[in-house]
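Colleague: I have the sequence open next to the coordinates. Can you walk me through the fold?

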Amino acid sequence: MSVPFSVAKAAYGQTQQLTNNKDGLFNPLGKTGGENTPDFGQLIQDSMQSVADAGKKSDALSADMVNGKANIVDVVTAVSQTELAMNSLVSVRDRVISAYEEIMRMPI
């Protein structure tokens with residue numbers, strides 16, 4: 001029910017899969033033998049989709065509250081979960097852009 005926690009749990013699990021291979025050593029390419037591991041683009045796409053789903057849920061709950069069908073506590077919780085997920089996604093975006101800019105400044 002809580003979107004940010006499930007997103008964080010899924011992201012942690014995927015990060016664990018990406019950083020460990022069969023020997024338990026760090027593998028920067030994320031390849032662990034024959035397993036299918038998601039790439040970075042898929043991870044970002046899934047995160048963006050979960051943020052969009054959280055936004056739709058909070059919008060639906062807000063509309064239900066206006067119609068008298070939802071509890072204010074549920075609406076406030078959904079809106080704050082959406083805000084937290086959005087802030088997390090923006091932070092990741094900012095870090096990716098910063099890393100790209102740093103790579104572009106490297107001498108050849």
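Colleague: How many helices and strands are there in the protein?

Modeller: This is a predicted model. The protein has 3 helices and 0 strands, so from the N terminus on the order is α-α-α.

Colleague: What about helix 3, what should its residues span?

Modeller: Helix 3 covers residues 72-105, which is 34 residues.

Colleague: Which residues of helix 3 are buried?

Modeller: Val75, Ala78, Gln81, Thr82, Ala85 and Leu89. An α-helix has 3.6 residues a turn, so residues three or four places apart point the same way.

Colleague: And what share of the whole protein counts as buried?

Modeller: 19% of the 108 residues. The accessible surface of the protein is about 8300 Å², with 61% of that belonging to carbon and sulfur atoms.

Colleague: Different topic. Which residues form the nonpolar patch on the surface?

Modeller: Met65, Ile72, Val73 and Val76, with about 340 Å² of accessible area together. Helix 3 supplies the largest share of the patch, 3 residues.

Colleague: Is isoleucine 72 buried, exposed or partly exposed?

Modeller: Isoleucine 72, which is found in helix 3, is partly exposed, because its relative accessible area is 46% and that class lies between 20% and 50%.

Colleague: Last one: what percentage of the contacts with a separation of 6 or more comes from residues 24 or more positions apart?

Modeller: Those residues account for 46% of such contacts in the protein.

Technical notes
Residues numbered from 1 in each chain as written. Predicted model: local features only at pLDDT ≥ 70, side-chain atom pairs only at ≥ 80, totals over all residues. Heavy atoms only, no water. Helix = DSSP H or I, 4+ residues; strand = E, 2+ residues; numbered from the N terminus. Buried < 20%, exposed > 50% of the residue type's maximum accessible area, 1.4 Å probe, protein only. Contact = heavy atoms within 4.5 Å. Areas by Shrake-Rupley, 256 points an atom, 1.4 Å probe, with all protein chains shown as cover. Expected span 1.5 Å × (residues − 1). Patch = residues over 30% accessible without salt bridge, like charges linked within 9 Å, V, L, I, M, F, W, Y side chains within 5 Å. Salt bridge = Lys/Arg side-chain N within 4 Å of Asp/Glu carboxyl O.
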